[in-house]
Amino acid sequence: MNIAITGHTSGIGLACINLFSGVGYSRNTGWDIANTDILVKELVEKDYDVFINNACSENYQSKLLEKLFLEWKNQPKIIISIGSYVIDYPRTEHDKNEEVWSYRDHKQNLAQMFRKLAKQPSTCRLGLINPGPVDTPLIKHLDIEKMHPCKVASMVSLMIKKPYLKEVTIYD
């Protein structure tokens, strides 16, 4: 099984690369998910079986999901997107950290796109994993309990094997 992964140099993406021996697409290897058309063309040409949509940069993760789904819609492929449980956090007036809320908004967009596409008849399987706090560089500064990225990678593996798993929230 040929697997491609975005954002593979640390955290969840690195755990997935180590588990699946997939091919990574990140800024470190000359790829930017903002260039969605170029990346989708590459993924289609390389004929991957599974795409792990992990890297988050603005709303490009959602756009990448939509564009690749349209290319793979009638093929027996799998796209698994890594969302976040923060999509359910309400924003209050005293919250000042725009970076956190921007991240939440992007992950909400991803969940909405997933749910829209998942309703369409398709041979391509879609999955969305919404992990709770994961020990990644993004939240290393937070003094909270965090799950190991390998737990998320294990859920990706399970989702690949079990077609009935569509959207899952995991939390330690």
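Reader: Is Trp 72 buried or exposed in this structure?

Author: Trp 72 is buried, because its relative accessible area is 1%, and a residue counts as buried under 20%. Please bear in mind that the model is predicted.

Reader: Where is Trp 72 found, and which residues does Trp 72 touch?

Author: Trp 72 is found in helix α3. Leaving aside residues up to four places away in sequence, Trp 72 touches Leu 43, Val 44, Tyr 48, Asp 49, Val 50, Phe 51, Lys 77, Ile 78, Ile 79 and Cys 124. Asp 47 stands 25 residues from Trp 72 along the chain, and the C-alpha atoms of the two are separated by 9.9 Å.

Reader: Which residues of α3 are buried, and where do they fall when seen down the axis?

Author: The general idea comes first. An α-helix has 3.6 residues a turn, so residues three or four places apart point the same way. In α3, the buried residues are Gln 61, Ser 62, Leu 64, Leu 65, Leu 68, Phe 69 and Trp 72. Seen down the axis of α3, these buried residues fall within an arc of 160°, so they line one face of the helix.

Reader: How should I read the sheet, and in what order do its strands stand?

Author: The sheet is open and is formed by 6 strands with parallel pairing, in the order β2-β1-β3-β4-β5-β6. At the edges stand β2 (23–25) and β6 (167–170); each has a single partner strand, so one side of each is left without a neighbour in the sheet. From one strand to the next, the twist averages 20°.

Reader: How many bridges join strand β3 and strand β4?

Author: Strand β3 (residues 50–53) and strand β4 (residues 78–82) pair over 4 bridges, in the parallel sense. Phe 51, for instance, has Ile 79 in β4 as its bridge partner. Both Phe 51 and Ile 79 are among the residues that Trp 72 touches.

Reader: Which strands does helix α2 lie across?

Author: Helix α2 (residues 36–45) lies across β1 (3–6), β2 and β3, and runs at about 170° to β2.

Reader: Is Ser 157 buried or exposed?

Author: Ser 157, found in helix α5 (residues 149–161), is buried, with a relative accessible area of 14%. Residues up to four places away in sequence not being counted, Ser 157 touches Leu 19 and Phe 20.

Technical notes:
Residues numbered from 1 in each chain as written. Predicted model: local features only at pLDDT ≥ 70, side-chain atom pairs only at ≥ 80, totals over all residues. Heavy atoms only, no water. Buried < 20%, exposed > 50% of the residue type's maximum accessible area, 1.4 Å probe, protein only. Helix = DSSP H or I, 4+ residues; strand = E, 2+ residues; numbered from the N terminus. Arc of directions from axis to C-beta. Pairing = 2+ DSSP bridges. Axes fitted to C-alpha atoms, helices over the stretch in contact; angles between N-to-C directions. Contact = heavy atoms within 4.5 Å.
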